[in-house]
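Colleague: Hey, I'm new to this one. Can you walk me through it?

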Amino acid sequence: MPEESMREAYGKTLVELGKTNPDIVVLDADLCASTMTKYFIQEFPERSFDVGIAEQNMIGIAAGLAASGKIPFASTFAVFAPGRCFDQIRMSIAQSELNVKLVVTHGGLSVGEDGTSHQAIEDLSLICSLPGFTVIVPADAVETAAAVKAAADLDGPCYIRLGRPKLPVVFDDNYRFVPGKAVAMRDGSDAAVIAIGIMVAPALDAAEMLAAEGIKCRVLNMSTLKPVDEAAILKAAETGAVVTAEEHLEHGGLGSTVARILSQKKPVPVEFVAIRDTYASSGKPAELLERFGLTAQDIAAAVRKVIKRKS
Amino acid sequence: MTPSGSKKSPSQTSASDAGVFVSQEDLAGVAKRIRRHIVTIIGKAGSGHPGGSLSAVDIVTTLYWKVLRHKPADPHWPDRDRFILSKGHAAPMLYSVLAECDYFPVSELTTLRQMDSRLQGHADRTATPGVEMSSGSLGQGLSFAIGVALAGRLDSKDYRTYVLLGDGECNEGQVWEAAMAAAHFSVDNLVAVVDNNGLQIDGPTCDVMNTDPLDKKWEAFGWHVIEVDGHDFTRLSEAFEKAKTIKGKPTVIIARTTKGKGVSFMENVVGFHGKAPDKEQLETALKELA
């Protein structure tokens, strides 16, 4: 599969949106060349606010702009929002029910060499805990562009988590993203893998590997983590075995969400491909994903394991 | 729209049909009524923050009766001046002001802090007509106010944005992030007021975390600084008028105030930061505010 940058897709989509919607404004915190808001800032300087290294202030300014009818897109790294400014996001955006779009980059372990301080592996847990937030984790550049457009149309707070590296493109240009709807990527009846973000492509690879062993694996892309597509999760559980895959701690992200729903409505064995209760290390993205169990092989192993647990 | 018990001054003409204007003499009467509301409703609720509510009354009364362009019947009027309460624990003061301006009935004030009341323990923009920002976690209002002011500038609107901070609140790092940014973006349609009452929960600000010299700090961050007696209506009005003439930079009014102002046994008493008066104390307070 060809690879493309989600961040580039974000930056270019913002410019596109800015051309048609004068209410769109952009904030960044001294990272515009990394988050790629730089394209918007170059095109619409009067609607752009680089606040310097001050994420808490950025959130407050974004909230004030939203309260006055603007549609602010505020960007930084996923470690800094929600991590650095959780209380500001909680009170000034979530409790205030304001229409702020947080689009964060450098999510997960695949940040790589910058190490643990820069690897956001808790962000989904934090942001999903806030009532009213829509949380989207796109799987590739195509879905990123579509999700950013959809976020602009949604009335309410929204968090979109992007990764740093280029990723395999799993969708074609005809893809239509619908917030809150999971995307069936592959059908199968022996088990279902529910994946988000950079784990979607390896989930497809794992399904291919398993097919060679005669295991038919359904693959779902749960790009809207919140509000989650409960019906799709229940349908996935009809296979009798579910595996979740996310580039995040196993606490509070996709796995927890899926387990919560299934335990109440359709208990089936579930295995979690996620980072265990630990911080990682500097390293190349591929090395880190392998060390911490986030590869296609890990997903395939989890599927074999969960199938054994089927009653 | 005229608040109950006050009258429109014939000498005041507004640029628009909005705003409530009363004479200078009446301001003291309005402020006294607001102080009575504050102690009454906190007393009835059995909890709340009288000290920092009472210290800010004269500042906010001056704003709502002399300075702000607003329409209580239309709280979302796009051209209104905005007042943002950053020190959200002074919500009883804001609610009393808004009720006196007819944003909602005065009779509703006694629902403060009750389940499902529109008057929550701290200011909540989703609940109360006229409340611009949810606050309660300190340090966030100035950033929010910058966003509101920038939106006005983007839309070529001439509304002005006012934000009230506590001096203890100036301990928060975000205040200074925002102070830096407001000057950087030359947000001259923004006025910050520091309710400089000198006390915070754990004691005098100079002992807990010294914020002095506040004037030099704001000045160094690029603001026009005005210092004023925060209980002198004339000086407060002059300060707000002066702020309108300052171009190219934001203005901060550092208002010297007395925490608990107007109730002798609450004045300068740290313990009344977040404690309600009991029945007897309430009676005494209301006598003093008669």
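Modeller: Helices (H or I, at least four residues) and strands (E, at least two) are DSSP runs, numbered from the N terminus. This is a predicted model, where local features need pLDDT of at least 70, side-chain atom pairs count only at pLDDT 80 or more, and totals for chains, interfaces and linings use all residues. Residues are numbered from 1 along each chain as its sequence is written, and chains are lettered from A and ligands numbered from 1 in the order in which they are written.

Colleague: Is the peptide bond from Lys226(A) to Pro227(A) cis or trans?

Modeller: Cis, with omega near -10°. A cis peptide bond also joins Ala81(A) and Pro82(A), with omega about 15°.

Colleague: And where is Pro82(A)?

Modeller: In the loop between strand 4 (71–77) and helix 5 (86–95) of chain A.

Colleague: New topic: what's phi of His106(A)?

Modeller: Near 60°, which is positive in a residue other than glycine.

Colleague: Is His106(A) buried or exposed?

Modeller: His106(A) counts as buried because it has 25 C-beta neighbours inside 10 Å. The cut-offs are 20 or more other C-beta atoms within 10 Å for buried, 12 or fewer for exposed, and partly exposed in between, with C-beta atoms placed from the backbone.

Colleague: How many residues of chain B are in contact with chain A?

Modeller: 22 residues of chain B, against 23 residues of chain A; contact means C-beta atoms, placed from the backbone, within 7 Å. Helix 5 of chain B gives the most to that side of chain B, with 10 residues.

Notes:
Contact = placed C-beta atoms within 7 Å.
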